Amino acid sequence: MTAEEERYGRQERVPCFGPGGQERLASAALGIVGLGALGSRLAEDLARAGVLRLRLIDRDWVEIHNLHRQHLYGEDAAREAVPKVLAAAERLADIRKDLTLEPELADLDPSNADRLLGDLDLILDGTDNFQSRYLINDWCAKNGVPWIYGACVGTEAMAAAFRPEGPCLRCLFPEAPPAERNPTCETAGILPSAAATAASLQLSLCLRLLGRPEDPPPSYLLVAETWTPEIRRLRFPEGPVDTCPTCTEGSFPALSARLGSRAMTLCGRDAVQITPPEGPPPDLEVLASRLPPETEAVLQAGMLRLRIPEGRITLFRDGRAIVQGTKDPGKARALYDRWLGT
Amino acid sequence: MIYLDNAATSWPKPPCVLEAVRNWFERLGVDASRGTSVRHQEVGRILADLRRLLAEEHGTEASRVILCSGATEAANLFLKGICRPGMRVWTTALEHNAVLRPLVGLRERRDLRLRVLEPGPSGVVEASDLTRALEAGPPPDLLVCNHASNVSGAVQDLAALGRLAKEAGALVLADVAQTSGRLDLQGLPVDAMIVPGHKAWWGPPGTGALCLSPEAPVPLPLHEGGTGSTRALDRMPETLPEALEAGTPNTPGFCGWLASILHVRREGRGTLLARELEARNRLWELLAPGEEEGLWRRTPPAPGRPLVPVLSLVLVDLDPVEVGMGLEQEGIQVRTGFHCAPYIHRHLGSLEAGTLRLSPGTDCGSEAMEEVARTLETLCRTLRD
């Protein structure tokens, strides 16, 4: 018995995966965008399952409120605000010494997507916002790479596999839901069980897509309600939807810089102004009612103002915001996404 | 929309400016001195007229009007082309980064000895301040001096400051960005002025000029390259203005600028300024109660000096950025922050977050100013609760 057989024998013994699946897993290069609850768990599981090349993309840093649900990070990393990709890489390297890790401390955007997502066989979504997902979707559709969507909030988990032949994310969701109908982990909370379920469903789809390319998973959006508990399968449309610009016209809106969220540093105090991508303006009243009480959110004079641990966010009717408490546009954008969703 | 950011760039531009720019794109399409066609000649006449008018306004000869992309390029051209290593340069704390950054860069690269004169209680550097400084030690080789602060609107006595500096043997570079097109600049005792086209002249952005006085030394070129004339030469021509103008000029912009200068002359410089100042003065009055209430402090003009339509509020316990965006939501466009003038804020008490600047244009009626004051008061009160 070789060392590989000894290590992975128990998963090779599962008939639908088998030694062939293991081989294909070992030869694949995978990317994970976002190393939060989903991404950190996927990274660990994939490293354990025998993936040998893993690219980790995230620009966030570890914080104490991550630790209840995110793998790979501990109190030291939170205290020192270590970038997640670096904290993760250190732990992952310990799981398998010859694992090739490519940590990328970066915010995925249209201008760096080719560099960050290039040369990968499959991409896993660990992001927390629709804007990034459309970007992954469009890049993958354009470059013929499969990707696996995942999301979790509250007690709910979702996952789906998207293959280049379609349908794609835009076929299912032509537009991002408005911010006020899109709860975030900050506003609606998150149980680790929901995160674990979403990541497990993603992992399962990933193992099947990679391990059994001749028998890909059927096109379902998996929706798990972990408290009830209950898993529903929502069938995708059979093929690409007629009105999907990506599948029918080969147009990739998220790859054009115009639609990217722009962050702009201000002169003045520790503050960054965020201009959201084009779209309907947020409903400030609904947003205000959804924010937890400790934010002391007030809606007055047409501005929604909330306190956050880092400082303050002021959201204006047209969706622009001032994030106070940082000079770093990337951090400001992350705070905006975290509290106000996208 | 009530537009109160004319100190940055005036808006909306007079229709004749758009027409002139459009005319270039639709009908002319060529640069002067890059050919001999009728169209080249027409463009040549436009540029000649532009230089002639600018020369007249700034008290110099047409050939000594160097067309630039703006006052910033004009400042860089003069300072980098004149300052020798080790030169003593004095400037004031009212300056804009258009001159300060080149000066600080030259201090690092050419060992310039830079001294910043601080304003007194009047908010400007007075002639007496400069006299004292001159008596205290060796005079500067160059004085770089703002005419009006783009933050507070305070106007310095350029005639007196320039005369003192020149008597002491210094060259004088004046930044007239906020006064050119508003105040009479002929006969000022300065060697050069940096002039933007897109502020009080109502021209398009991307236009400006360095106006060298008839006696001023000619700086070394900032750019070297094609000039259209004397084509066979492999070095820059020595004649002005070609010696300092290389590369394809912003001809459509200059066409628009000429049209805007003609517009200002037609309407009357004094008439336009009076309309701007009416709005500025109305604002000044309307904002007094807010100052008494402790919401803000207004930046006062320099006593006994002319006014320009620029006014800042130093907000008390509020970030101007937030208030500015709140105003924008109500259809009022102002400018917040430091306005690219880093030093003046230590005198205005606005070092932390800058100011909220109000710079009305020629079409801001009294009612609009009342709306601005009302909205400002409501916003500041609400945000401070």
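**Gly34(A) and its surroundings**

Visitor: Which residues does Gly34(A) touch, not counting residues up to four places away in sequence?
Guide: Contact means heavy atoms within 4.5 Å. On that basis, leaving out anything up to four places away, the residues touched by Gly34(A) are Gly39(A), Ile57(A), Asp58(A), Gly126(A) and Thr127(A).

Visitor: Before we go on, what kind of model is this?
Guide: Residues count from 1 along each chain as its sequence is written, while chains are lettered from A and ligands numbered from 1 in the order in which they are written. Side-chain values use heavy atoms, without hydrogens and water; local features need pLDDT of at least 70, side-chain atom pairs count only at pLDDT 80 or more, and totals for chains, interfaces and linings use all residues, since the model is predicted.

Visitor: What radius of gyration does chain A have?
Guide: The rule for a globule is 2.2 Å times the number of residues to the power 0.38, with the radius taken over C-alpha atoms. For 342 residues, a compact globule would come out near 20 Å, and chain A agrees with its own 20 Å.

Visitor: Over to chain B: what is the angle between the planes of Trp24(B) and Phe25(B)?
Guide: Rings of Phe, Tyr and Trp (its six-membered ring) pair if their centres lie within 6.5 Å; planes under 30 degrees apart are stacked, over 60 edge-to-face, the rest tilted. There are 7 aromatic pairs over all chains, and in this one the centres are 4.9 Å apart in an edge-to-face arrangement, with a plane angle of 85°.

Visitor: Which of those two residues is exposed?
Guide: Trp24(B) has 11% relative accessibility and so counts as buried. At 57% relative accessible area, the exposed residue is Phe25(B).

Visitor: Over the ring of which residue does the charged end of Arg298(B) sit?
Guide: A charge sits over a ring if NZ of Lys or CZ of Arg is within 6 Å of the ring centre and within 35 degrees of the ring normal. Chain B also has Arg115(B) over the face of Trp90(B), 4.7 Å from the ring centre. For Arg298(B), the distance to the centre is 4.0 Å and the ring is that of Trp284(B).

Visitor: What is the relative accessible area of Thr299(B)?
Guide: Thr299(B) lies in the loop between strand S9 (296-298) and strand S10 (311-315) of chain B. Residues that Thr299(B) touches, beyond four places away in sequence, include Trp284(B), Val151(B) and Leu348(B). Thr299(B) is buried, at 2%.

Notes
Buried < 20%, exposed > 50% of the residue type's maximum accessible area, 1.4 Å probe, protein only. Helix = DSSP H or I, 4+ residues; strand = E, 2+ residues; numbered from the N terminus.
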